[in-house]
Amino acid sequence: IPWYSVMYPARYPEVIAVGASNSFDELAEFTNVSEELDVTAPGTEIISTNVWKWGGFGSCSGTSMATPHVTGAVAMMLALDPELGVEDIRSILKGTADELDNSPGIGEIDLAQALKNVLSEIIKRIWRLRL
């Protein structure tokens, strides 16, 4: 596996591979990237709980900070349409992502657009049932 390639478990086809972006809408310099990368999410200097401060908070960076953003987006998508499959979710996330400035073809999740897409498909389904 080449250096900075997406690693396991994100390399498995049924997993959504998440990279980290920074506050300048660019790919974070430390994130893994390859054709297996599906989307990115904010992952630099994210305020989180910090076990080293014994219950305090601290600034953390990494794909471990980016992945919860995508997990939350997926949970909201599934709350709207529980019948979505992995490929449906991957397609929506990638199709609605905002392209990063320094990485053509790689996008950061756009939660609002992803949810609009899911709602649009639900409305289309309802209209087909009514016809």
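From the N terminus on, the elements of the protein chain follow the order β-β-β-β-α-α-β-β-α. This comes to three helices and six strands, where helices (H or I, at least four residues) and strands (E, at least two) are DSSP runs numbered from the N terminus. The model is predicted: local features need pLDDT of at least 70, side-chain atom pairs count only at pLDDT 80 or more, and totals for chains, interfaces and linings use all residues. Residues are numbered from 1 along each chain as its sequence is written, and side-chain values use heavy atoms, with hydrogens and water left out.

**Overall dimensions and burial**

The C-alpha trace of the protein chain spans about 60 × 35 × 25 Å along its principal axes. Of its 131 residues, 36% count as buried; buried means under 20% relative accessible area, exposed over 50%, and partly exposed in between, with a 1.4 Å probe and protein chains only. A contact means heavy atoms within 4.5 Å. Among contacts in the protein chain with a separation of 6 or more, 47% come from residues 24 or more positions apart.

**The nonpolar cores**

In soluble globular proteins, nonpolar side chains tend to be buried together. A nonpolar core is a set of buried Ala, Val, Leu, Ile, Met, Phe, Trp, Tyr and Cys residues joined through side-chain atoms within 4.5 Å. The largest such core here has 19 residues, and V70, M77, L93 and I109 have the most contacts inside it. At least two residues of this core are supplied by each of β1 (18-21), β2 (39-42), α1 (63-80), α2 (86-96) and α3 (111-130). The element that gives the most is α1, with five residues. A second, separate core has six residues, including A17, L27, L100 and I106.

M77 illustrates the packing. Not counting residues up to four places away in sequence, M77 touches L84, I89, I92, L93, A114, L115 and V118.

**Helix packing**

Two packed helices are described by the angle between their axes and the distance between the axes. Axes are lines fitted to C-alpha atoms, for helices over the stretch in contact, and angles run from 0 to 180 degrees between N-to-C directions.

| Helix pair | Axes come within | Crossing angle |
|---|---|---|
| α1 and α2 | 11 Å | roughly 115° |
| α2 and α3 | 9 Å | roughly 130° |

V70, V74, M77 and L78 in α1 meet I89, I92 and L93 in α2. The residues of this contact divide into seven nonpolar, no polar and no charged. Ala, Val, Leu, Ile, Met, Phe, Trp, Tyr, Cys and Pro count as nonpolar, Asp, Glu, Lys and Arg as charged, and the others, Gly among them, as polar.

**Backbone features**

A cis peptide bond, with omega about 10°, joins Y8 and P9. P9 is in the segment before β1. D25, in the loop between β1 and β2, has a positive phi near 55°.
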